[in-house]
Amino acid sequence: MVDVVIVGSVALDSVQTPFGKVEDVLGGAATYSSFSASFFSRPGVVAVVGKDFPEKHLDLLKGAGVDVSGIKVDGLSFRWKGFYEYDMNEAKTLSTELGSFQTFRPVLPDNFRKSRYVFLANIDPEIQLDVLGQVENPRLTMMDTMNFWIGNKREKLLKVISKVNILLLNDSEARQLFDTPNLVVAAGKALKLGPRYVIIKKGEHGALMFSGNSHFNAPGYPVEVIRDPTGSGDSFAGALIGYLAATDDISEPNIRKAMIYGSVVASFNAEDFSLERLKTLSRNDIEERYKEFEKIRRF
Ligand code: AMP
């Protein structure tokens with residue numbers, strides 16, 4: 001059985017930042033989040049890739065202990081092109097090609113259906129709903145999304161939000177979805193839809209967590225070399241849910257710890273393009289930076 005079911009894009013990305021440019025490299029929300037979750041537990045990915053998708057990318061996930069039996073091969077791969085300006089907190093999309101995701105109807109392998117943790121990473125909200133419906137009795141469900149789906153599938157997206165325990169969003173997406181410049185107001189509106197927690201990611205500056213009666217913020221790690229932040233939000237989410245699944249403790253103090261693990265893995269991810277940094281990362285590196293976070297937070 002897998003510990004965490006993750007659905008989301010598995011993609012070929014072309015990205016430009018002030019520090020370099022790459023074309024058709026491994027990317028996608030489910031890729032980053034499952035790889036990051038694999039440092040803590042055993043994730044299983046539900047997605048579709050095209051016949052043009054290099055086999056070596058799936059081998060990389062497998063090598064990290066990700067169960068890829070829920071990844072179908074059909075038609076064309078999801079491709080995303082984007083760039084970042086000097087302020088690298090917000091990705092600007094140049095093009096999104098959904099490829100086979102446009103017609104993808106997920107069917108979960110049997111060993112995914114009993115998973116107790118589910119992460120609906122960034123993808124069409126109809127696919128997110130479909131996956132959620134196939135997991136029998138999840139203990140914790142979490143979702144992410146982005147401006148593309150807020151703009152194109154708002155109603156379906158609101159439906160998914162009403163069904164999950166934790167909603168993750170970027171700050172700009174929270175403002176867009178809840179039509180307010182104020183993140184506290186946006187979080188309040190999000191909580192009214194149903195989730196128990198709302199976590200608003202603020203790029204290199206960390207993340208804010210709101211529940212009905214509490215508030216926490218996880219700082220970003222002061223990384224000196226940020227070459228490409230693509231996938232850091234997904235890495236944050238993957239590490240967070242991977243840690244929760246490994247400890248099987250969904251109390252608020254443990255969610256706070258999980259957010260720090262999320263910030264740690266996200267900060268490493270931004271140090272290089274694609275999964276280059278995550279590939280060489282060890283659990284020991286993660287623990288060392290986690291300890292530094294404890295020092296940063298103390299006053
Ligand atoms: P982030 O963690 O927000 O930087 O996520 C970046 C990843 O999201 C990239 O690797 C893209 O392939 C993927 N992506 C971009 N647009 C979409 C979309 N509309 N739906 C799903 N995934 C996307």
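A charge is said to sit over a ring if NZ of Lys or CZ of Arg is within 6 Å of the ring centre and within 35 degrees of the ring normal. With that in mind, select R289 and F268: the charged end of R289 sits over the ring of F268, 3.7 Å from its centre.

Before going on, note that this is a predicted model, in which local features need pLDDT of at least 70 and side-chain atom pairs count only at pLDDT 80 or more, while totals for chains, interfaces and linings use all residues. Residues are numbered from 1 along each chain as its sequence is written, and side-chain values use heavy atoms, with hydrogens and water left out.

Turn next to the aromatic pairs, meaning rings of Phe, Tyr and Trp (its six-membered ring) whose centres lie within 6.5 Å, with planes under 30 degrees apart counted as stacked, over 60 as edge-to-face and the rest as tilted. The whole structure holds 10 aromatic pairs. Select F40 and Y261, whose ring centres are 5.3 Å apart and whose planes stand at 70°, so the pair is edge-to-face. This pair links distant parts of the chain, for F40 lies in the loop between α1 (29–37) and β4 (43–49) and Y261 in helix α10 (residues 252–269), 221 residues apart. Both F40 and Y261 are buried (under 20% relative accessible area, with exposed over 50% and partly exposed in between, using a 1.4 Å probe and protein chains only).

Now select F78 and F101, whose ring centres are 5.8 Å apart with planes at 85°, so this pair is edge-to-face. F78 counts as buried at 9% relative accessibility, and F101 is buried at 3% relative accessible area.

Terms used: Helix = DSSP H or I, 4+ residues; strand = E, 2+ residues; numbered from the N terminus.
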